[in-house]
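Colleague: I would like a close look at one helix and its surroundings. Please set out the criteria as you go.

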Amino acid sequence: MSTVKLLTTGITMSKRSSLFAFFILLLSVNMKAQRFSEGGLGFVKHLENISAYKESLLFLKKYEQAYGESDTTFLYQGRASYFVKDYNQSILYFDQVSENDIDYWNQAQFYAGWQSVRVGDLESAKDYFQNVTSEKSIRGLKSLELAGLCLLTGDMPQYEQYISNLANIGFEYKTHYEALEFVHERIVNRKQKSPLIAGLMSAAIPGAGKFYNGKAGQGSLSFITSAIMGMQAYEGFRKDGVESARFIIFSSLFSVFYVANIWGSVVGVRVDSMQFNQENYETVLLHMHIPIRLRYN
Amino acid sequence: MRQYFYTCIFLFGCVTTDAQLFEENADSLFKAGEYELAAVRYEMMVFTSEEDEAIAELLLKKSQCYKALGDFMESTKVLERTSSQISSELRLKVRYEKALVYYLNGQFQASYGELLRLKLVGQKLPEAYTHLEVLNLFAQGKWEDAKVLLGSDSFKLNEAEIDDIFAGRIKYKNPNMAYKLSLFLPGVGQAYSGYFFKGIVSATAQSALVGFSAYSLYSGYFWTGGMSGVALFYTFYLGGARYAKSLAIQHNDEIAQLLSKRYLDHIK
């Protein structure tokens with residue numbers, strides 16, 4: 001409405017001032033097409049500050065209906081979805097951010113990349129991180145993310161290349177790449193335990209397989225329960241003989257415990273290595289996450 | 001000079017266009033039941049306002065949107081954003097609203113706290129909020145206090161009506177008491193919490209285990225008696241006591257709900 005007001009009054013104005021007004025009009029239209037007008041963007045940032053992400057999504061939808069979609073609306077919808085942990089939806093929004101604005105583009109790639117790792121799509125994550133432009137201010141961050149990703153995919157030669165890169169350009173990410181180095185050393189130095197040996201050891205002495213797997217507490221407990229059952233069975237055998245109900249009941253219980261313990265030792269080795277991977281995954285994910293949040297907050 | 005004036009008008013138009021995203025204003029959106037949109041619309045007005053007074057006014061309305069949506073958690077968060085530098089009249093309104101929303105969100109202590117603060121300022125609670133106070137006392141298990149309050153002058157209830165509300169066995173069961181009673185004698189805690197049959201079952205199971213242990217040990221089966229008997233008994237013994245405690249909590253919740261329901265039926 002105000003634009004109409006301006007155009008009608010502009011006719012009565014002097015030539016110079018109407019020209020001036022025209023440029024302002026052009027500028028503002030251009031601004032609206034590509035970016036938000038200041039008020040809108042300010043409001044969306046305000047909504048982020050008060051953690052009203054659902055309201056932010058609703059406002060941006062409404063805004064798109066009125067003024068059309070833009071990189072800004074996509075970016076901030078992506079951010080809002082990320083904050084409410086709707087990772088897949090967030091990635092879809094970030095996908096639509098175009099390369100027109102380098103800063104928006106890079107931000108979208110970093111967030112989409114991290115969220116892809118979070119939902120387990122490491123292939124796409126790699127693409128996103130490699131899409132990031134090689135500007136000086138974010139070169140370090142890009143290397144850090146790619147290094148973390150290589151650690152997760154197990155691509156160690158590539159990982160070492162990125163890390164040596166980081167030592168030169170990414171001194172601000174020192175804590176983070178040191179954490180990655182720590183995980184890397186853990187992975188390299190890990191001695192893989194064999195499920196077969198664990199099972200055989202538990203068959204010889206109940207609980208020994210768990211000791212072998214580094215779980216002394218579980219091992220002792222297994223040994224004690226098996227011993228208790230065994231002693232009760234032995235008591236039945238010694239006092240009432242082989243055919244007594246007492247011996248039959250307790251010896252069957254003992255057998256169940258004995259077999260379950262062997263099985264438990266075998267599975268334990270596998271669970272342990274899964275746990276090991278999970279811990280590493282969490283650590284790497286955390287140290288990929290923090291720098292992105294700090295850079296684009 | 002004139003062109004600056006027009007430029008100013010124009011720029012103002014640019015900034016405020018965002019506010020014109022919504023054809024209807026917030027209040028009519030709220031009336032139309034579009035609570036989510038109304039909430040956004042109110043927030044837009046909060047964003048452009050600078051006075052604490054106006055902002056508090058708007059936040060109060062925004063909290064109504066979330067209350068209408070049944071999202072009491074969000075509603076409390078919105079109300080907590082109001083500044084304390086506002087007129088006392090508005091502050092009272094915010095307090096009342098907080099008390100109500102905290103209650104609806106299940107934060108009875110917080111709700112009761114707001115009501116007490118209102119009373120401390122020497123404010124006489126309006127009728128709706130005296131009801132809220134009673135309901136809060138019910139929910140917190142302070143039934144004796146509630147009874148005393150109902151007998152006071154601000155409630156136009158006579159003795160018979162109060163007795164009507166508190167009819168039956170209305171007694172607060174202390175969860176820790178139930179726990180200790182069950183440690184003292186298995187099953188008694190459950191019975192104390194009002195679940196007599198569960199107490200009997202627990203007591204029977206545990207005396208059977210004691211009997212089994214004693215018999216085994218007496219007959220010389222030391223391993224069986226010690227491990228299958230005593231160890232199992234010990235597990236049941238502690239588990240039973242914890243169960244008695246949770247039963248007491250369950251009992252109190254049920255009574256609180258019963259009292260609230262009777263009271264609400266009564267004042268209808």
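Modeller: Here is the setting, then the helix itself. The model is predicted: local features need pLDDT of at least 70, side-chain atom pairs count only at pLDDT 80 or more, and totals for chains, interfaces and linings use all residues. Residues are numbered from 1 along each chain as its sequence is written, with chains lettered from A and ligands numbered from 1 in the order in which they are written.

Chain B has 14 helices and 0 strands. Helices (H or I, at least four residues) and strands (E, at least two) are DSSP runs, numbered from the N terminus. The C-alpha trace of chain B spans about 115 × 50 × 30 Å along its principal axes.

Now to helix H7 of chain B, residues 108-120. Its 13 residues should span 18 Å at 1.5 Å a residue, and the end C-alpha atoms are 18 Å apart, which agrees. The expected span is 1.5 Å times one less than the number of residues.

The buried residues of H7(B) are B:Ser111, B:Tyr112, B:Glu114, B:Leu115 and B:Leu118. They cover an arc of only 155 degrees around the axis, so they sit on the same side of H7(B). That arc is taken from the directions from the helix axis to the C-beta atoms. Buried means 20 or more other C-beta atoms within 10 Å of the residue's own; exposed means 12 or fewer; partly exposed is in between, with C-beta atoms placed from the backbone.

Helix H6 (88-104) and helix H8 (127-139) of chain B are among what covers those buried residues. Contact here means C-beta atoms, placed from the backbone, within 7 Å. The face of H7(B) turned away from the buried side carries exposed B:Gln109, B:Leu116 and B:Leu120. After H7(B) comes B:Gly122, with a positive phi near 85 degrees.

Definitions and conventions. Contact = placed C-beta atoms within 7 Å.
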